[in-house]
Amino acid sequence: MSKRIAIRADASTRIGGGHVMRCLSLADELSKDGYEITFICRVHTGHMKEVIENRGYDCVLLPCIETNAQVANEWLGCAWEDDAAACAEVLKTLGGVEWLFVDHYSLDARWERSLQTHFARLLVFDDLADRPHDCDILIDQTFGREQSDYRNLTRDDCRILLGPAFAPLRPQFAEAREEALLRRYATKEVKKILVAVGAMDPDNVTLKVLEALYGLDREIVVDVVLSSEAPHLSEVRNFANSRTQILVDVKNMASVMCDADLAVGASGTTSWERCVLGLPALTIVTARNQQWVDKSLAKAGAVRSLGWFEDISQDMIQENVRRLCDDSELLLKMVTRSKMICDGLGAGRICDLVSAEGN
């Protein structure tokens, strides 16, 4: 069988790009080992096909399906049966798929079993532990997750890989780790704040954060990271002051994080990137699936949680920023706690396991 991998993952304005981005990080590692990789994505607004192809991979877009609203899944955009049928056709054309990777909260064991004749092995990403899977390898990068969380959700022979040690990040983060940590322990103060509340930020939390930061009696430099597809990009640009830099479609995120002394960001997949670089963060929960990560990181002292995005106020943001600006001991404690959580080498670990299973 040829060394071919198919990846089923979606991105959209509402879903965000985290699922596709972590699959891309893993694809980059596996392509070095000779694997041919094809992404299968549905045509949502913000589907990231161009990003995937620019990284050198084929991307097959599944068309939108008009279906009964009662059976359509909110994130999938159709019934799981329809998605499985469409994916089956794509997998047939690829032929000889050794591994199918699935990174999608709307797909479970039913979907996986319906396609089992079209691949040799199945790897699933899950952060929720809320549905059954019929797979060979399951990866949940959530900090604090335990094997017992999947005891009744997977086969007895499923290999379950848990924790940020298996977070598939781009190599730029591990490469920048030493320099970033040296800088943090030397600086010990907040001069630049990174605002990264999701590349799409459909609820425009970025603007709320900027309004709060501009109300501080301190001249802090601010970097804002957004996608060119972000629906509120123009509004944020128009509001930004002269001490703010709007960074669009950032490719060198590790460098941007290294330059920052504090982040205000969502508790999504970028949490592990911040941890690798020891970047202290005020975190905002922008999606329900982020709640476990946010709570776990806050309990570990790696972040200070502001909570659900609709509930935060300017006063809350300002109070927490002032606290970290004025308390270098607390700031450095967060650096130390966060750096212990993730080293950025997860993609290599997964690649080694996938390659070993294939031999």
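Predicted model: local features only at pLDDT ≥ 70, side-chain atom pairs only at ≥ 80, totals over all residues.

Helix α10 spans residues 291-299, and its buried residues are V293, D294, S296 and L297; buried means under 20% relative accessible area with a 1.4 Å probe, protein chains only. After α10 comes G301, whose phi is positive, near 80°. Helices (H or I, at least four residues) and strands (E, at least two) are DSSP runs, numbered from the N terminus.

Strand β5 (residues 121-125) has four of its five residues buried, so it is largely enclosed by the rest of the structure. Its pairings are listed below, two strands being paired if DSSP finds at least two bridges between them.

| Strand paired with β5 | Bridges | Direction |
|---|---|---|
| β4 (residues 99-103) | five | parallel |
| β6 (residues 137-140) | three | parallel |

Within these pairings V124 of β5 is the bridge partner of V102, and L138 in β6 is the bridge partner of V124.

Residues are numbered from 1 along each chain as its sequence is written, and side-chain values use heavy atoms, with hydrogens and water left out. Local features need pLDDT of at least 70 and side-chain atom pairs count only at pLDDT 80 or more, while totals for chains, interfaces and linings use all residues.

The chain averages a pLDDT (the predictor's confidence in each residue, from 0 to 100) of 94, and 96% of the residues score at least 70. Over residues 68-72, however, pLDDT stays under 50, and the model has six contacts beyond four places in sequence for them.

Methods. Buried < 20%, exposed > 50% of the residue type's maximum accessible area, 1.4 Å probe, protein only. Contact = heavy atoms within 4.5 Å.
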